[in-house]
Amino acid sequence: MSAFNALKMGESQVFTSAKSLQSRLDSESNNSTVGFLPTMGALHHGHLELVKQALQENTHVVVSIFVNPTQFNKAEDLESYPRDLEADLKLLNSVGDVIVFAPSVEEVYPEDYQNLSIDLGALGTSMEGEFRPGHFAGVMNVVNRLFDIVQPTRAYFGIKDVQQVAVVQYMVDQVQSPVEIVPSAIVREPSGLASSSRNYRLNEDQLNEALIIIDTLHFARGIARQLSPQETKVKAIEFFKNGSLEIEYFEIVHPRTLEFITEWVPGARACIVGYCGEVRLLDNLELIPSNK
Ligand code: AMP
């Protein structure tokens, strides 16, 4: 244990208390910048790409590893979420010097914790909001609390969870937080499957069957513009049914508001969730190039 109560494993310094992490960060000069990546662990190369980006853009990078109980709407999902801190640290050490924050539930939510409640409107009730009630309330609370502890300059969120990015940006605007939210590109396996901790639960056959998700997104991109968004949705769902997965939703949304669209706009995105056996897989793809 160092003066900062940190456990040194490889190059990562691991802090479990908010106080010790803050002392470590306070010891840096005023010119330092902190890039922050909140995760639930079970890291894979999708997370590592975000860490690499953060390392390039900041003098310091903090990665939190915290399986947030308040964002799970099913107790069994929380129970079965993979946890392996040692493996996570090994991966983080392979990309550079990272400060790791791995707090307990009590550290994140002390007894006097004040719940943050923000009405997300339609953003909170469509897609993930509809199928995972309470999920975004949990996400907003944990992100806001972690921002309070880490006080990052920038925070990195994967566009894989595009609705989460929009929710976090909305929350930051509402609480007037100075943190810059950086949306980061979706990282995929060579097969095209979006990298995810949940992929660890798929066997070889299922990894192949799951490709219907990205195939459907590509199919939708191929027919977009020739058809209306509504017709594209119908055809894409028909296409998806050629595979063996169960559809939960397929929606075509506005890139910023994530409202369902009836006319094409630049950056229009298709969002999909399908079940491969018990495993819930989520992905999205831009159908119409954005103006950027
Ligand atoms: P998680 O640990 O699953 O909560 O993810 C932590 C962060 O990594 C979130 O901002 C995710 O959107 C992001 N992330 C997870 N998988 C990917 C991926 N395949 N590509 C880009 N970002 C990802």
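Please keep in mind that the model is predicted. The ligand sits in the largest cavity, with 16 residues surrounding it.

**Around the ligand**
- Good residues to look for are Met 40, Gly 158, Asp 161, Val 187 and Ser 195, which are the closest to the ligand.
- Sorted by class, the shell holds eight nonpolar residues, six polar ones and two charged ones.
- Three elements each supply at least two residues of this shell: the strands β3 (34-39) and β6 (154-158), together with the helix α2 (45-57).

**Polar contacts and cover**
- The side chain of Asp 161 has an N or O atom 2.6 Å from an oxygen atom of the ligand.
- For His 47, the distance from a side-chain N or O atom to a ligand oxygen atom is 3.1 Å.
- Ser 195 takes part through its backbone, where a polar atom is 2.8 Å from a nitrogen atom of the ligand.
- On its own the ligand would expose 480 Å², and the protein buries 92% of that area.

**A look at Asp 88**
- You will find Asp 88 in helix α4, which covers residues 85-93.
- Asp 88 counts as buried because its relative accessible area is 3%, and the cut-off for buried is under 20%.
- Asp 88 and Ala 42 are 46 residues apart in sequence, yet their C-alpha atoms are 6.4 Å apart in space.

Definitions and conventions: Residues numbered from 1 in each chain as written. Predicted model: local features only at pLDDT ≥ 70, side-chain atom pairs only at ≥ 80, totals over all residues. Heavy atoms only, no water. Near = heavy atom within 4 Å. Polar contact = N/O pair within 3.5 Å; in protein donor to acceptor, adjacent residues only side chain to side chain. Areas by Shrake-Rupley, 256 points an atom, 1.4 Å probe, with all protein chains shown as cover. 1 Å grid on protein atoms, 1.4 Å probe; cavity = no way out; pocket = protein on both sides within 12 Å on 5 of 7 lines; lining within 4 Å. Sits in = over half its atoms within 2 Å of the grid points. Helix = DSSP H or I, 4+ residues; strand = E, 2+ residues; numbered from the N terminus. Nonpolar A, V, L, I, M, F, W, Y, C, P; charged D, E, K, R; others polar. Buried < 20%, exposed > 50% of the residue type's maximum accessible area, 1.4 Å probe, protein only.
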